[in-house]
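Me: Please show me the model, and then let us go through some questions about how its parts are packed.

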Amino acid sequence: MTWIFGYGSLVSPVSLESTIRRPVSLGSGMFIAELTGYQRAWNYGSAVQRGDWTRDDGSSISGGLVVSLGLVADADESINGVVFSVNDDELAELDWRERAYDRVDVTDRVTLIPPTADGELDDTVAVYVPRRVAIERYEEHRDAGTAGVRKSYWDLVDDAFGELGPDHLDWYRRTPPPDVPVVDIRLDRLPSRRPRSR
């Protein structure tokens, strides 16, 4: 088994279940945890998701870049999130979903937070960190004014941290705000599911 630290949409059991295709819930396979040495950031530019939206001034964006949460290394920071365990097949599905991220070993940086769990994690803990190409894609579209955060994603993550409790929601909301707009994006193309081996 491998433990994964989730800090964005993977905090949502519904979102996680859509990938690993089995039920999870807080306190049953999913536990609140803290990761040190990183800060959350709105710095991930999707390789596959593009969409259309209307700016506040009434102008339209067509085929704009969808931006999501990522991480930046910061020795003075820590973030809250959840850990959950997956088997090798489930890990392969997550790796496909997060294929523009690197899976990084953070075993020594993760601590469980009571009351949902107490003690030590005795297996490897990993986290998904955006690859440089994904950050550069975000920066390019941000500078061109053609990047945005999906409002549905924004709400999903906020609601997921709300389920952890008000203190954890406040902690999450200390994430530096995005420097691209949060908008209702009509997706042009959804990422395909990972091909299964036969």
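Me: What covers the buried residues of α2?
Reply: In this predicted model, local features need pLDDT of at least 70 and side-chain atom pairs count only at pLDDT 80 or more, while totals for chains, interfaces and linings use all residues. Residues are numbered from 1 along each chain as its sequence is written, and side-chain values use heavy atoms, with hydrogens and water left out. Helices (H or I, at least four residues) and strands (E, at least two) are DSSP runs numbered from the N terminus, and with contact meaning heavy atoms within 4.5 Å, the cover of the buried residues of α2 includes β1 (2-6), α1 (13-20), β4 (60-86), β5 (101-105) and β7 (125-130).

Me: Which residues of α2 are buried, and over what arc around the axis?
Reply: Taking buried as under 20% relative accessible area, exposed as over 50% and partly exposed as in between (1.4 Å probe, protein chains only), the buried residues of helix α2 (residues 88-97) are Glu 90, Leu 91, Glu 93 and Leu 94. They lie on the same side of α2, because the arc they cover, taken from the directions from the helix axis to the C-beta atoms, is only 160°.

Me: Which exposed residues does the face of α2 turned away from its buried side carry?
Reply: That face, turned away from the buried side of α2, carries Asp 88 and Asp 89.
At the start of α2, the backbone nitrogen of Asp 89 has a side-chain oxygen of Asn 87 within 3.1 Å; the exposed pair asked for is Asp 88 and Asp 89.

Definitions and conventions:
Polar contact = N/O pair within 3.5 Å; in protein donor to acceptor, adjacent residues only side chain to side chain.
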